[in-house]
Number of protein chains: 2
Amino acid sequence: MITRMSTLFLRTLREDPADAEVPSHKLLVRAGYIRRVAPGVYSWLPLGLRVLRKIEDIVREEMNAIGGQEISLPALLPKEPYEVTGRWTEYGDALFRLKDRKDADYLLGPTHEEMFTTLVKDMYSSYKDLPAILYQIQTKYRDEERPRAGILRGREFVMKDSYSFNMDDAGLDEAYALHRQAYQNVFDRLGVKYAICAATSGAMGGSASEEFLAISPNGEDTFVSATGGDYAANVEAVVTQPGVEREIDGLPAAEEHHSPNAETIAALVDWANATGITMDGHEVTAADTLKCVVVKITEPGQEPELAGILVPGDREVDFKRLEASLEPAAVEMASDKDFATSDFLTKGYVGPRALAANEVKVYADPRIVKGTSWIAGGDAPETHVVNLVCGRDFTPDGFIEAAEVREGDPAPEGQGTLTLERGIEIGHIFQLGRKYTEAFDVQFLDENGKRSVPTMGSYGIGVSRLVAVLAEQRLDEKGLNWPVAVAPYQVHVVCANKDQAAIDAAEKLAEQLDARGVEVLLDDRPKVSPGVKFKDAELLGMPLVAILGRSFADGKMELRVRGAETEEIEAASAVEAIVSRLAV
Amino acid sequence: MITRMSTLFLRTLREDPADAEVPSHKLLVRAGYIRRVAPGVYSWLPLGLRVLRKIEDIVREEMNAIGGQEISLPALLPKEPYEVTGRWTEYGDALFRLKDRKDADYLLGPTHEEMFTTLVKDMYSSYKDLPAILYQIQTKYRDEERPRAGILRGREFVMKDSYSFNMDDAGLDEAYALHRQAYQNVFDRLGVKYAICAATSGAMGGSASEEFLAISPNGEDTFVSATGGDYAANVEAVVTQPGVEREIDGLPAAEEHHSPNAETIAALVDWANATGITMDGHEVTAADTLKCVVVKITEPGQEPELAGILVPGDREVDFKRLEASLEPAAVEMASDKDFATSDFLTKGYVGPRALAANEVKVYADPRIVKGTSWIAGGDAPETHVVNLVCGRDFTPDGFIEAAEVREGDPAPEGQGTLTLERGIEIGHIFQLGRKYTEAFDVQFLDENGKRSVPTMGSYGIGVSRLVAVLAEQRLDEKGLNWPVAVAPYQVHVVCANKDQAAIDAAEKLAEQLDARGVEVLLDDRPKVSPGVKFKDAELLGMPLVAILGRSFADGKMELRVRGAETEEIEAASAVEAIVSRLAV
């Protein structure tokens with residue numbers, strides 16, 4: 001069926017919407033693909049819905065190809081299973097909660113681990129029933145604090161979530177590998193530029209976890225990739241290359257110094273250089289100082305406890321990395337009140353020794369190893385210690401990934417150095433393990449007739465987000481530019497000539513293409529100027545635009561590959577020219 | 001792709017689920033099509049989801065064929081538009097309401113008139129943009145007081161809702177007629193047995209309205225059809241054939257009688273006959289008495305007011321009919337307190353005269369016309385009036401459809417009499433008119449450049465409900481029985497022979513059918529007995545079952561059309577035999 005611009009439910013806008021921050025959001029609204037209803041809540045108009053459905057179909061094909069079975073769970077879910085796992089409260093404000101007329105508690109599903117686990121428990125009971133991969137493509141809800149960039153971070157969005165169930169770790173590894181490959185197939189078919197990043201698993205629990213990040217300067221996530229290898233990782237998951245240990249014997253002794261007005265790292269370095277202090281014979285830089293950040297860590301169900309985080313003075317503490325390291329515990333900076341009530345804390349002069357002496361745990365960046373020597377706070381006003389040696393003068397309670405990651409940091413396994421890029425999370429694969437099956441006491445009979453807890457994986461693709469990602473990665477200053485695989489229509493036939501012969505030819509071309517299985521959008525609007533039609537065609541972004549313009553009188557047409565050159569073709573052979581180009 | 005029973009996510013149950021009332025609900029759960037998550041909230045398992053999606057596709061095709069354009073609006077909706085129309089409160093407990101993290105009010109969409117109206121207002125502004133038919137196939141939410149019969153009346157369900165926009169009534173009539181035909185096409189293609197019933201439009205407002213009711217003894221709705229014509233109507237919409245007016249001159253005068261213990265109609269008839277009273281020369285029956293029911297009517301935003309409802313004594317007041325007649329006002333029976341505080345009301349002896357004398361409105365059944373004569377309450381204890389004549393002794397303030405409808409009542413337009421049937425609402429088409437466009441001040445420029453308010457229609461199909469309806473109408477004692485058009489698989493190949501040759505032949509048959517575009521479910525379970533496989537095949541209900549059994553050794557197979565005879569065919573020509581049967 002040919003779609004005609006004269007009747008299509010569409011109005012293109014010249015002005016960017018006031019609330020749009022990123023280019024894809026502006027263009028998707030201006031081109032009439034989506035329309036805002038509330039913050040982070042959007043309607044899909046005809047063109048946008050076609051893209052969404054095509055992406056869904058590609059995801060579905062690849063999930064079916066790895067043996068995934070499609071089901072569909074409700075979005076309206078009872079509280080109880082989410083209480084069993086604690087996520088009813090853990091999700092905090094991000095969960096949409098509601099009550100029914102009988103005052104029973106419900107939530108709008110943000111992700112369905114609990115429901116798939118209980119469903120499988122309900123249906124299956126034996127190793128013979130496994131392996132199983134179940135998935136759904138479904139509308140999900142998260143009450144994001146900052147819904148952003150249109151459908152890039154919505155509060156109502158479409159996600160493919162799948163869950164694997166296996167008896168043993170080898171089976172989980174296999175299901176994980178199948179998903180990893182299926183996801184690569186999906187993103188390759190869509191033509192998304194992406195990186196696969198080692199990830200922390202966040203609130204999901206579990207062990208192995210990778211994120212698929214679409215590379216985009218407007219991405220919210222920062223990730224690193226190696227200059228000399230294929231290593232890539234979410235910043236939260238970057239593993240710091242440890243420092244080199246040194247023999248302690250023979251290192252200069254720690255000395256206390258009066259250090260007035262040296263409460264910042266910069267002031268401390270200035271003071272040290274003004275005082276003529278050197279470290280290992282060189283002038284002092286920020287990297288020689290030890291930053292000791294006092295925080296409060298709250299383990300679930302526990303009281304907050306103070307802790308010290310040590311990082312080299314030339315680096316900030318990256319709170320997102322710190323949080324990821326400490327999860328599921330929450331962490332916050334120690335407050336003025338904490339300083340006031342803990343008299344061993346001297347603001348601006350905190351060092352590791354007073355913390356240890358007062359039974360406050362101290363966690364160190366992996367560069368702070370035995371034999372490294374530092375200028376650190378002296379735990380008294382206007383006092384610093386020079387040559388404070390790790391393993392001699394202080395001993396951390398453990399290592400922690402908390403320091404910021406910087407461009408040029410060494411990559412692991414000798415893969416050169418790290419570069420920082422920005423990306424948009426489009427997929428995530430997790431080895432959940434037995435967290436959920438244990439929570440719901442799922443026990444299957446194994447091959448020996450014994451009860452055994454199955455192991456799970458959880459895998460997501462942000463389906464509606466991919467619409468924005470494709471828009472974002474491929475747009476130009478004129479408009480959108482869809483890949484053939486998911487374009488609302490493959491060909492946009494523009495009649496830009498008022499002669500009846502041209503109008504008839506445009507109709508006929510559209511019909512012939514339609515008969516060949518090509519999806520055609522026909523700009524048949526009688527009273528719209530060629531210029532407006534061209535602008536709209538560029539804004540809407542179909543991969544091929546076929547124009548019947550002035551040269552039609554000479555039996556010619558123009559064929560424009562979106563974003564590329566315009567080519568003049570013979571009108572008589574337009575159908576073949578178009579079909580052959582789409583086949584490429 | 002062939003689906004194998006050995007890996008299909010399925011467990012068939014022998015026992016009916018405890019909460020299931022109707023056969024379709026029992027079988028859909030036992031056959032593993034759906035699974036309960038919460039009251040009125042169900043998961044769709046692989047087989048059920050396939051049926052649902054196929055129904056969606058048929059609906060989509062027919063909607064596209066009438067020029068409908070598919071879009072998709074959110075389910076999570078802001079309160080404001082529903083406040084404009086008053087439905088935020090009118091929906092009462094049936095609306096799922098919630099708040100986001102910023103304490104803003106939201107609802108889960110039960111139907112989207114408000115959102116489509118504001119969307120069209122937002123996008124369009126001229127008569128040139130119309131007509132438009134927009135639709136979505138979407139998950140909807142209603143907090144039903146009594147969710148029932150599985151997916152027959154769920155709280156989360158899939159609906160196709162569409163909305164037409166036209167400049168004038170003729171356009172609306174056309175859009176309505178297009179939908180009416182599209183709905184017939186959908187239900188005919190599905191093979192649903194249904195009736196098109198004149199309906200009241202309920203809370204939707206507007207004028208012309210018809211319901212499509214699937215005929216089923218387990219239906220919640222009662223409707224009437226004419227024995228001698230194609231008239232059918234929802235009971236709420238039945239128009240009573242009016243009584244025959246008579247000349248008042250010459251009718252006997254009203255007489256007060258002492259009528260002890262005649263507080264019910266039966267007692268009143270007994271008393272009249274025992275007293276020797278006759279009406280028009282015949283013995284008194286209940287039809288000669290006048291039942292006067294005192295109610296309280298509350299118009300929106302108003303205080304409740306007393307009213308009298310008059311019906312012939314041989315009929316009950318049907319409260320659903322009364323409510324439909326009075327909508328949007330609410331109505332309830334007058335309470336003991338009302339009787340106690342209104343001293344002109346004499347319980348058991350209320351007649352129309354005291355009500356009128358006390359400025360209480362009186363509404364009469366259309367049979368109670370000028371010149372009809374009744375035995376009515378005398379408005380004093382143990383008192384009745386005989387020969388109370390309408391138009392002489394009392395005059396109703398208006399007519400009302402409130403009396404029960406009975407089998408055998410005359411049908412309109414001489415179409416014989418009415419029969420009562422039960423049905424399940426599967427579709428509803430409304431001429432909304434300008435209720436919503438006026439509420440949102442939608443003004444379009446008309447052909448003369450003047451502002452004009454477009455008129456709307458609203459049309460719904462219960463997509464997920466249709467799964468249950470098809471199950472309900474077609475099941476037998478053995479299981480489900482799907483029509484080819486929406487069966488999860490068209491053919492169920494059952495290998496009931498343990499010889500390797502049969503196993504190989506079953507695989508090959510499945511592959512060959514798959515290559516011919518036939519959807520195949522292959523029962524390849526190696527350790528399951530033929531008896532269990534046959535029972536499962538009957539329970540699951542694919543339209544064709546191809547069995548490789550004992551006779552396979554002789555080159556034979558069995559072909560069972562679900563619900564019909566089994567036929568022996570040559571195994572060698574099984575593919576052609578199956579393909580030709582499916583083409584019928």
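**Exercise 1. Describe the interface between chain A and chain B by area and by contacts.**

*Solution.* The area buried between chain A and chain B is about 4,800 Å², buried area being the accessible area (1.4 Å probe) that two parts lose on being put together, summed over both. Carbon and sulfur atoms give 59% of the area. In chain A, the residues that lose the most area to chain B are A:F9, A:R101 and A:M123, together 18% of what that side buries. By contact (heavy atoms within 4.5 Å), 54 residues of chain A meet 54 residues of chain B.

The model is predicted: local features need pLDDT of at least 70 and side-chain atom pairs count only at pLDDT 80 or more, whereas totals for chains, interfaces and linings use all residues. Residues are numbered from 1 along each chain as its sequence is written, chains are lettered from A and ligands numbered from 1 in the order in which they are written, and side-chain values use heavy atoms, with hydrogens and water left out.

**Exercise 2. Identify the salt bridges between the chains and the partner of A:R101.**

*Solution.* A salt bridge requires a side-chain nitrogen of Lys or Arg within 4 Å of a carboxyl oxygen of Asp or Glu. Nine are counted between chain A and chain B. In one of the salt bridges, A:R101 pairs with B:D93, with the closest N and O atoms 4.0 Å apart.

**Exercise 3. State how β28 and β29 of chain B pair.**

*Solution.* Strands are DSSP runs (E, at least two residues), numbered from the N terminus; two of them pair if DSSP finds at least two bridges between them. Strands β28 (residues 491-495) and β29 (residues 520-523) of chain B pair in the parallel sense over four bridges. Within this pair, B:V491 stands opposite B:V520.
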